[in-house]
Amino acid sequence: MALKRRTRTLLYRVTMYVVFFAVVAAVALSINWQRAIPQFFNLEVAAKLFPDIILIGLRNTILFTLIAFTGGVLLGIILALMKLSSIGLFRWVATGWIELFRGLPALLTIFSVAFIVPIVFGWKVPGGPVGAGLLGLILVASAYIAEVIRSGIQAVPKGQTEAARSLGMSPMKTMFWIILPQGFRIIIPPMTNELVLLLKDTSLVFIAGSFIWSKELTTFARDANSANANATPLIVAALLYLVVTIPLTRFTAWLERRMAKER
Amino acid sequence: MSTDLIDVHAPAIQVQGLVKAYGDNVVLKGIDLTVLSGEVVCIIGPSGSGKSTMLRSVNLLETPTDGRILVEGIDITDPETDIDRVRQRIGMVFQSFNLFPHLSVLDNLTVAQRRVKKRSKDEAERVAREMLGRVGLAEKADAFPSHLSGGQQQRVAIARALCMNPDMMLFDEPTSALDPELVGEVLQVMRTLADEGMTMLVVTHEMGFAREVGSRLIFMDGGYILEQGDPREVLSNPQHARTQDFLARVL
């Protein structure tokens, strides 16, 4: 006799949960906990990291992210407007810039700014290795953010421009008061994405060189890893990244919901 | 500057030999039209006849391929003309309302007053509330456009245009996107405007409005003005075969 539809659905559900927990259990059992715990979850090593991992590592990660994001957004707006310009030269320069810094690995861009620019141009970025690392990060961020902003501007219906221009607003005023405010709402989700990616990319700044005071989370943890011959700092750093990124994405989701209500 | 010299005796709108082509597709094939101050000119015609393109050319949302357009004597097709200044004198109402969704109704009405006319916040809000009252929506000042019905949105759009104190108003199928029961409230606002002497150019499918409010009716088809005259005359006794054919289908 065929099972009732509801019974069948229930059976599928139960099976799914059973399989899921079986896989989790299998993974947990196959871990060699005797070796893993002292190597990765050593509380003594973990305790020694504080407070410096917060005061230096986390602080620099957040600081670098904010600086690179601010620079990236400012440059990104200019690049996006250039790419949408009716002037061919602007479009051409913006497209070249975006393709270059989006196409290169971030590590290579930061390395180039720090070590190739001084050789080729005989000019060093102010702020030493940290300044060079941040500039490299800003270049990378600007390319990605420019594309996000451009897509946001283009997602605003054409009727909005027509209505604003019909009221006598100039192209500049229309962009600033009507199009950009709407575009920025549209791009909140992809912009959060860029912010989280950027936060993680701050771990590449070290390639330009670093000082004890300028280490961000990953570099701080890797150095602590070497110093202690123990991988616990990497786990602590990983948790600290999540402590920042998860509230950030939650906050954005809330912001998105609130703005959706307003429209 | 040429835009400062308004010839008060010039017709509100003069369209001379207007041609508009998109590549090989010629939408307007030589339009001549003069609208005098205080006239309410309604334009009817089948879709694709070029009526919306013609209307949109009058405030240069469409750039003419050939011909001249003069607004109060100012040649807006002259590249030297400051079109932003001329547009302040021409109110435009769209089929899809095009209110600014990120701004409250009040801000929709004040943004251009403040950024273009450089009015103070207080002055702009005073004008905005006055115009909202004229369209019967004084109590909606703090609402957002998405919370309004289509008819209310279109009335706000009309009020927004009026805030710039235009000398004339262009309406591009203002009731075509509305549910039937909401058409009346918008037409009523337009009728009041007409009664107050506003110069109006209206692309519409509302034959009743054209008949009762219009001072002149224009029939367009295939990029030409085929027939024009007193609305009652054109509607009841069309001369051109295409007009007869069109009216037989819509009436």
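**Exercise 1. Describe the largest pocket by its volume and by the residues and elements that line it.**

The largest pocket holds about 880 Å³ of space, where a pocket is an open set of points on a 1 Å grid over the protein atoms alone, at which a 1.4 Å probe fits, with protein on both sides within 12 Å along at least five of seven lines, and where lining residues have an atom within 4 Å of a point. The volume is the space filled by probe spheres set on the points, which are joined across faces, edges and corners. This is a predicted model, in which local features need pLDDT of at least 70 and side-chain atom pairs count only at pLDDT 80 or more, while totals for chains, interfaces and linings use all residues. Residues are numbered from 1 along each chain as its sequence is written, chains are lettered from A and ligands numbered from 1 in the order in which they are written, and side-chain values use heavy atoms, with hydrogens and water left out.

Step 1: the lining has 25 residues, of which Thr161(A), Arg165(A), Pro171(A), Thr174(A) and Met175(A) lie nearest the centre of the pocket.

Step 2: at least two lining residues come from each of helix 7 (128-155), helix 8 and helix 9 of chain A and helix 2 of chain B, helices being DSSP runs of H or I with at least four residues and strands runs of E with at least two, numbered from the N terminus. Helix 9 of chain A gives the most, with eight residues.

**Exercise 2. Is helix 8 of chain A largely enclosed or left open, and what covers its buried residues?**

Step 1: seven of the nine residues of helix 8 (residues 158-166) of chain A are buried, so this helix is largely enclosed by the rest of the structure; buried means under 20% relative accessible area with a 1.4 Å probe, protein chains only. Among the buried residues are Gly159(A), Glu162(A) and Arg165(A).

Step 2: the cover includes helix 9 (171-186) of chain A, and from chain B helix 1 (51-57), helix 2 (83-87), strand 6 and helix 5 (150-162).

Step 3: just after helix 8 of chain A, Gly168(A) takes a positive phi of about 95 degrees.

Key
Buried < 20%, exposed > 50% of the residue type's maximum accessible area, 1.4 Å probe, protein only. Contact = heavy atoms within 4.5 Å.
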